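Student: Hi! I've just opened a new structure and would like a friendly tour. Can you walk me through what I'm looking at?

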Amino acid sequence: MSAQPDHAPVTPYAPAAGAPAELLAQLRADRRAVRWVPAFEQEWTAALEESRKSFSLAALYEVVRVWQGRLAHAPAVDAFVASGYDDSEFVDMAELRGRRR
């Protein structure tokens with residue numbers, strides 16, 4: 001028998017040391033910089049405060065992961081919006097929840 005677990009442990013996401021600065025530079029270069037840079041900085045500040053209290057980098061890692069995703073998916077969102085697709089008949093889940101009460 002082996003003392004090794006029968007499954008591989010999940011490795012938590014850990015960005016490279018320079019990832020936050022690189023990400024901020026990319027956000028500043030984006031056409032949405034006026035909105036995105038202050039939003040990123042606000043989330044980063046909140047995560048930094050949480051990390052100081054919890055002694056965990058998880059909140060900081062999460063901010064980087066989420067913003068990397070937003071930046072990576074921005075071209076697809078832009079293409080969708082530019083396509084003129086009519087999504088005016090979408091289902092409003094908040095409205096549906098309100099009707100059930």
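Tutor: Happy to! This is a predicted model, so let's begin with confidence. In the protein chain, α2 has the highest confidence, with a mean of 96, while helix α4 (residues 93–100) has the lowest, at a mean of 69.

Student: And what does the protein chain average for pLDDT?

Tutor: The average is 85, and 79% of the residues score at least 70.

Student: Okay, how many helices and strands are there?

Tutor: The protein chain has 4 helices and 0 strands. Going along the sequence, you read α-α-α-α.

Student: What share of the residues is buried?

Tutor: Of the 101 residues in the protein chain, 21% are buried. The chain exposes about 8200 Å², and 59% of that comes from carbon and sulfur atoms.

Student: Let's go inside, then. Which residues touch the most other members of the largest nonpolar core?

Tutor: Those are L23, L27, W36, F40 and W67, in a core of 16 residues. At least two core residues come from each of α1 (19–29), α2 (33–54) and α3 (58–82). The largest share is from α3, which gives 7 residues.

Student: Are R32 and D30 buried or exposed?

Tutor: Both R32 and D30 are buried. For R32, the relative accessible area is 7%, which is why R32 counts as buried: the cut-off is under 20%.

Student: Which other salt bridge does R32 take part in?

Tutor: R32 also meets D78 through their side chains, at 2.4 Å from N to O. This pair links distant parts of the chain, since R32 sits in the loop between α1 and α2 and D78 in helix α3, 46 residues apart.

Student: And what about R31, which residue forms a salt bridge with that one?

Tutor: D78 again, with the closest N and O atoms 2.8 Å apart. R31 lies in the loop between α1 and α2 and D78 in helix α3, so this pair ties together parts 47 residues apart in sequence. R31 counts as exposed because its relative accessibility is 64%, whereas D78, at 26%, counts as partly exposed.

Student: Which residues are linked in that network of salt bridges?

Tutor: D30, R31, R32 and D78 are linked. The structure holds 7 salt bridges.

Student: Changing topic: which residues form a nonpolar patch on the surface?

Tutor: V77, F80, V81 and Y85 do, and together they have about 440 Å² of accessible area.

Student: Where does Y85 lie?

Tutor: In the loop between α3 and α4. Y85 counts as exposed because its relative accessibility is 56%.

Student: One more: among contacts between residues at least 6 apart in sequence, how many join residues at least 24 apart?

Tutor: In the protein chain, 54% of those contacts do.

Notes:
Residues are numbered from 1 along each chain as its sequence is written. This is a predicted model: local features need pLDDT of at least 70, side-chain atom pairs count only at pLDDT 80 or more; totals for chains, interfaces and linings use all residues. Side-chain values use heavy atoms; hydrogens and water are left out. A nonpolar core is a set of buried Ala, Val, Leu, Ile, Met, Phe, Trp, Tyr and Cys residues joined through side-chain atoms within 4.5 Å. Buried means under 20% relative accessible area, exposed over 50%, partly exposed in between (1.4 Å probe, protein chains only). pLDDT is the predictor's confidence in each residue, from 0 to 100. Patches are made of residues with over 30% relative accessible area and no salt bridge: like charges are joined within 9 Å, nonpolar side chains (Val, Leu, Ile, Met, Phe, Trp, Tyr) within 5 Å. Accessible areas come from the Shrake-Rupley method with a 1.4 Å probe; for residues, only the protein chains shown count as cover. A salt bridge is a side-chain nitrogen of Lys or Arg within 4 Å of a carboxyl oxygen of Asp or Glu. Contact means heavy atoms within 4.5 Å.
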